Amino acid sequence: MVLAARREELLKELARELEGRGAQALAVRCDITQAADVERLAREAEAHFGAVDVLINNAGIGLFGPVEALSEEQLRQVFELNFFALVRVTQAVLPLLRKRPGGQIVNVSSVLGHRGLPLLGGYCAAKAAVNALTESLRAELAAEGLSVLLVSPGFTETEFRQTRLHAQGWQQNAPPLKQMSAEEVAAAMVKASRRHRRDTVLTLPGRLMVLANRLVPGLFDVAARRMLHRMAKRPEP
Ligand SMILES: NC(=O)c1ccc[n+]([C@@H]2O[C@H](COP(=O)([O-])OP(=O)(O)OC[C@H]3O[C@@H](n4cnc5c(N)ncnc54)[C@H](OP(=O)(O)O)[C@@H]3O)[C@@H](O)[C@H]2O)c1
């Protein structure tokens with residue numbers, strides 16, 4: 001396994017844990033918004049393992065606030081990590097995926113990539129871009145025997161809500177939904193990967209949301225507006 005993120009100490013700790021379980025793990029400090037870091041990541045992966053079997057594009061960041069209040073800088077930051085960095089890593093790793101048959105790319109989107117919700121427009125738009133790109137890439141690579149999967153987690157207990165960006169003065173109270181653990185999401189991703197499942201939407205509310213949006217989009221607008229506005233803390237007047 002090649003583990004890539006910015007916090008090297010955590011990566012090394014995880015690599016040690018994985019090696020204790022018999023895996024070969026390489027920790028590479030890498031900011032995927034930086035082209036030079038991503039090139040080095042691909043070089044190190046190739047030097048250690050020769051090829052890549054599965055690429056998991058997981059890094060992402062949230063953004064909360066009404067579209068009207070989102071700064072261009074925040075929107076660019078969200079697209080930079082969720083979308084552009086995903087493309088950058090995919091392009092850098094594709095030659096390594098082609099070195100062995102049956103390579104796979106797993107793009108981590110969100111249930112919010114399937115439907116724009118009020119106060120989450122910037123994040124929803126970035127994940128919707130990931131969804132569209134995933135479909136294009138899947139069709140482009142199919143003839144080479146490479147598969148491209150989309151996994152869309154729902155509400156998950158991670159550091160996501162601590163790192164999320166907020167429009168000036170806006171905050172979100174914790175939604176009254178049951179969260180999946182990161183381990184449960186990881187297990188679902190492994191299952192999707194083994195079964196080559198092209199599209200995996202996680203959590204019951206997530207699946208219901210995708211379905212309700214398809215069947216009764218107008219009604220879903222009203223329900224989403226009520227729910228999101230109840231959870232929002234607005235800027236002081
Ligand atoms: N949590 C949820 O409720 C939820 C729901 C739906 C979808 N998702 C999606 O699930 C994915 C994982 O999110 P999470 O919930 O695990 O969030 P998280 O706890 O904030 O984790 C984000 C991960 O991305 C890494 N990362 C962030 N910026 C990076 C950068 N510039 N370069 C390299 N690595 C970077 C972080 O490591 P470093 O900080 O060390 O770099 C961390 O490992 C994201 O795509 C997110 O959009 C999350």
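How far is a polar side-chain atom of Arg161 from an oxygen atom of the ligand? I looked that up first, keeping in mind that this is a predicted model. The pair sits 2.6 Å apart.

**Arginines at the ligand**

I then went through other arginine side chains. Arg6 puts a polar side-chain atom 2.7 Å from a ligand oxygen. For Arg7, I got 2.9 Å between a polar side-chain atom and an oxygen of the ligand.

**The shell**

I counted 25 residues around the ligand, and the ones that come nearest are Arg6, Asn58, Tyr123, Thr158 and Arg161. Sorted by class, the shell splits into 10 nonpolar, 9 polar and 6 charged residues. The largest share, 3 residues, comes from α5.

**Away from the ligand entries: a surface patch**

I also looked for nonpolar side chains on the surface. Leu211, Leu215, Val216 and Leu219 make up a nonpolar patch there, and together they have about 390 Å² of accessible area. Is Leu211 buried, partly exposed or exposed? Its relative accessibility is 42%, so I noted Leu211 as partly exposed. The cut-offs I used for that call were under 20% for buried and over 50% for exposed.

Key: Residues numbered from 1 in each chain as written. Predicted model: local features only at pLDDT ≥ 70, side-chain atom pairs only at ≥ 80, totals over all residues. Heavy atoms only, no water. Near = heavy atom within 4 Å. Polar contact = N/O pair within 3.5 Å; in protein donor to acceptor, adjacent residues only side chain to side chain. Helix = DSSP H or I, 4+ residues; strand = E, 2+ residues; numbered from the N terminus. Nonpolar A, V, L, I, M, F, W, Y, C, P; charged D, E, K, R; others polar. Patch = residues over 30% accessible without salt bridge, like charges linked within 9 Å, V, L, I, M, F, W, Y side chains within 5 Å. Areas by Shrake-Rupley, 256 points an atom, 1.4 Å probe, with all protein chains shown as cover. Salt bridge = Lys/Arg side-chain N within 4 Å of Asp/Glu carboxyl O. Buried < 20%, exposed > 50% of the residue type's maximum accessible area, 1.4 Å probe, protein only.
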